[in-house]
Amino acid sequence: MTGNTVPASPLDPAIAARLKRSADGLVPAIAQQYDTGEVLMLGWMDDEALHRTLTTGRCTYWSRSRQEYWVKGDTSGHVQHVKSVALDCDADTLLVRVDQVGAACHTGDRTCFDAGVLPLGQ
């Protein structure tokens, strides 16, 4: 599949037609805390995951390693309640504004970006 091919999709056709997907049919989805702006994590969504996210109000992602859908918080209890979903200007990245319950990262950290701060100027 190319980034411009639109397969049969559970999404609203107008949304599905706008998405620019990777070769494997995925779009990166950045999860952000809706009230503080804190960037929590990056996950991947295909049309089905985005459809589930939009219709259930809970973030559903596609696991590239396990090759299956997962709903954030189903096993950990660290749920992401969706407040809004926006498509960027190039239609190739999603911003999902959520109310995060507990840790967003699988390591137990609040955000996946806590542990890897890189030094500047080197």
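**Exposed and buried residues, overall fold, cysteines and pocket**

At a relative accessibility of 52%, Gln67 counts as exposed, because the cut-off for exposed residues is over 50%. The model described here is predicted. Gln67 sits in the loop that links β3 and β4. The backbone of Gln67 has a phi near 55 degrees, a positive value in a residue that is not glycine. In general, most residues other than glycine have a negative phi.

A positive phi also occurs at Ala91. There the angle is about 65 degrees, and Ala91 is not a glycine either. Ala91 belongs to the loop between β5 (80-87) and β6 (94-100). Is Ala91 buried or exposed? With a relative accessible area of 10%, Ala91 is buried, because buried means under 20%. Gln67 is exposed, whereas Ala91 is buried.

The overall fold comes next. The protein chain contains two helices and six strands. Read from the N terminus, the order of these elements is α-β-β-α-β-β-β-β. The radius of gyration of the protein chain is 15 Å, close to the 14 Å given by the globule rule for 122 residues, so the chain is as compact as a globular protein of that length. Along the principal axes, the C-alpha atoms fill a box of roughly 40 × 40 × 30 Å. Of the 122 residues in the protein chain, 33% are buried. Among contacts between residues at least 6 apart in sequence, 42% join residues at least 24 apart.

Ala29 is placed in β1, which covers residues 27-33. Ala29 is buried, with a relative accessible area of 0%. Which residues touch Ala29, once neighbours within four places in sequence are set aside? The contacts of Ala29 are Met41, Leu42, Gly43, Met45, Tyr61, Leu94 and Val96. Ala29 and Asp92 are 63 residues apart along the chain, and their C-alpha atoms are separated by 9.3 Å.

Gln32 also has its place in strand β1. The relative accessibility of Gln32 is 16%, so Gln32 counts as buried, because the limit is under 20%. Neighbours within four places in sequence are again left aside. Gln32 is then in contact with Gly37, Glu38, Val39, Leu40, Leu95, Val96, Arg97 and Val98. Gln32 and Gly108 are 76 residues apart in sequence, and their C-alpha atoms are 17 Å apart in space.

Leu19 is found in the loop between α1 (13-18) and β1. At 4% relative accessibility, Leu19 counts as buried. The C-alpha atoms of Leu19 and Thr53 are 15 Å apart in space, and the two residues are 34 apart in sequence.

The cysteines were examined for bonding. A disulfide is a covalent bond between the sulfur atoms of two cysteines. How many disulfides does the count give? The count comes to zero. A disulfide requires two sulfur atoms within 2.5 Å. For Cys59, the closest cysteine sulfur is in Cys112, at 12 Å, which is too far for a bond. Cys59 is buried, with a relative accessible area of 0%. For Cys105, the closest cysteine sulfur is also in Cys112. The separation is 3.4 Å, and that is again too far for a bond. Cys105 is buried as well, with a relative accessible area of 8%.

The lining of the largest pocket consists of 22 residues. Which of them lie nearest the centre of the pocket? They are Met41, Ser63, Arg66, Trp70 and His106. Three strands each supply at least two residues of the lining: β2 (39-45), β3 (60-63) and β4 (68-71). The most comes from β2, with four residues. By residue class, the lining divides into ten nonpolar, eight polar and four charged residues.

How values were computed: Residues numbered from 1 in each chain as written. Predicted model: local features only at pLDDT ≥ 70, side-chain atom pairs only at ≥ 80, totals over all residues. Heavy atoms only, no water. 1 Å grid on protein atoms, 1.4 Å probe; cavity = no way out; pocket = protein on both sides within 12 Å on 5 of 7 lines; lining within 4 Å. Nonpolar A, V, L, I, M, F, W, Y, C, P; charged D, E, K, R; others polar. Buried < 20%, exposed > 50% of the residue type's maximum accessible area, 1.4 Å probe, protein only. Rg over C-alpha atoms; globule rule 2.2 N^0.38 Å. Contact = heavy atoms within 4.5 Å.
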